[in-house]
Amino acid sequence: HQLAVPFRFLDEDAPADWPSGSSSNVASLGSRGSRSSSATGGGDPLRALAVKQRLSTELRQSLFVAVMGAEDFEHASERLALVAASAKSGVDEACLILFHCAVREKVPNPFYEHVANALCAR
């Protein structure tokens, strides 16, 4: 068996000698990825930033936009809880995205601690 690897998250195309499953599967994955990145890249800059940071699912991108687009920590916790409630694994993903954002800061930011405390208090 050969593993078909989608290259939609990489900036480059697959090497010419790269083994792929069936060419139609790889082509369909590539076209789907390019459509989604072009659709999100033009409208919302926060969603485009989420795609750039390789947040691959719609839920993760929405959670990222909810945190980064908030006015303060209370607003962020409300938005995060609202988006997380819309999916079965939303709470787990919300924790992951909150950690993702906190780790990417160059200097520790107490904002994420306040958001986490507000979410735990709910």
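# Reading contacts, burial and a pocket

Biologist: Leaving aside neighbours within four places in sequence, which residues is Ala-81 in contact with?

Modeller: Ala-81 is in contact with Leu-119 and Arg-122, once neighbours within four places in sequence are left aside. Bear in mind that this is a predicted model. Contact here means heavy atoms within 4.5 Å.

Biologist: Where is the place of Ala-81?

Modeller: Ala-81 sits in helix α4. Now check its distance to Arg-122.

Biologist: Is Ala-81 buried, partly exposed or exposed?

Modeller: Partly exposed, because its relative accessibility is 22%. The cut-off matters here: buried means under 20%.

Biologist: Let me step back. How many helices and strands does the protein chain have?

Modeller: It has six helices and zero strands. From the N terminus on, the order reads α-α-α-α-α-α.

Biologist: What share of its residues count as buried?

Modeller: Of the 122 residues, 25% count as buried. The accessible surface comes to about 8,300 Å². Carbon and sulfur atoms hold 56% of that surface.

Biologist: And how do I read contacts for the whole chain? What share join residues at least 24 apart?

Modeller: Take the contacts between residues at least 6 apart in sequence; 42% of them join residues at least 24 apart.

Biologist: Back to helix α4. Is Ser-77 buried or exposed?

Modeller: Ser-77 also has its place in α4. Ser-77 counts as buried because its relative accessible area is 4%. Leaving aside neighbours within four places in sequence, Ser-77 is in contact with Val-115, Ala-118, Leu-119 and Arg-122.

Biologist: What lies 2.9 Å from a polar atom of the Ser-77 side chain?

Modeller: The backbone oxygen of Glu-74.

Biologist: Is Cys-120 buried or exposed?

Modeller: Cys-120 is found in helix α6. Its relative accessibility is 67%, so Cys-120 counts as exposed. Compare its place with Ser-77: they are 43 residues apart along the chain, with C-alpha atoms separated by 9.5 Å.

Biologist: Now pockets. What is the general idea?

Modeller: A probe the size of a water molecule is rolled over the atoms, and this shows where empty space is left. In this model, the second largest pocket has a volume of about 190 Å³.

Biologist: Which residues line the second largest pocket?

Modeller: The lining is Leu-80, Ala-81, Ala-84, Ala-85, Val-91, Ala-94, Cys-95, Leu-98, Ala-116, Leu-119 and Cys-120. The elements that give two or more residues to it are α4 (73-84), α5 (90-104) and α6 (110-121).

Biologist: Is Glu-93 buried or exposed?

Modeller: Glu-93 is found in helix α5. Glu-93 counts as buried because its relative accessibility is 16%.

Biologist: With what does the side chain of Glu-93 make a polar contact?

Modeller: With the side chain of Arg-60, at 2.5 Å. Set aside neighbours within four places in sequence, and Glu-93 is in contact with Leu-59, Arg-60 and Leu-63.

Biologist: How do I read phi?

Modeller: Most residues other than glycine have a negative phi. Look for the exceptions. Arg-54 is one case, with a positive phi near 65°.

Biologist: Where is Arg-54 found?

Modeller: Arg-54 is in the loop between α2 (45-52) and α3 (58-68). Arg-54 is exposed because its relative accessible area is 52%.

Biologist: Show me another loop residue. Where is Asp-44 found?

Modeller: In the loop between α1 (23-43) and α2. Asp-44 is partly exposed because its relative accessible area is 30%.

Biologist: By what distance are the C-alpha atoms of Asp-44 and Val-65 separated?

Modeller: They are separated by 9.1 Å, and the two residues are 21 apart along the chain.

Key:
Residues numbered from 1 in each chain as written. Predicted model: local features only at pLDDT ≥ 70, side-chain atom pairs only at ≥ 80, totals over all residues. Heavy atoms only, no water. 1 Å grid on protein atoms, 1.4 Å probe; cavity = no way out; pocket = protein on both sides within 12 Å on 5 of 7 lines; lining within 4 Å. Points joined across faces, edges and corners; volume = space filled by probe spheres on them. Helix = DSSP H or I, 4+ residues; strand = E, 2+ residues; numbered from the N terminus. Buried < 20%, exposed > 50% of the residue type's maximum accessible area, 1.4 Å probe, protein only. Polar contact = N/O pair within 3.5 Å; in protein donor to acceptor, adjacent residues only side chain to side chain. Areas by Shrake-Rupley, 256 points an atom, 1.4 Å probe, with all protein chains shown as cover.
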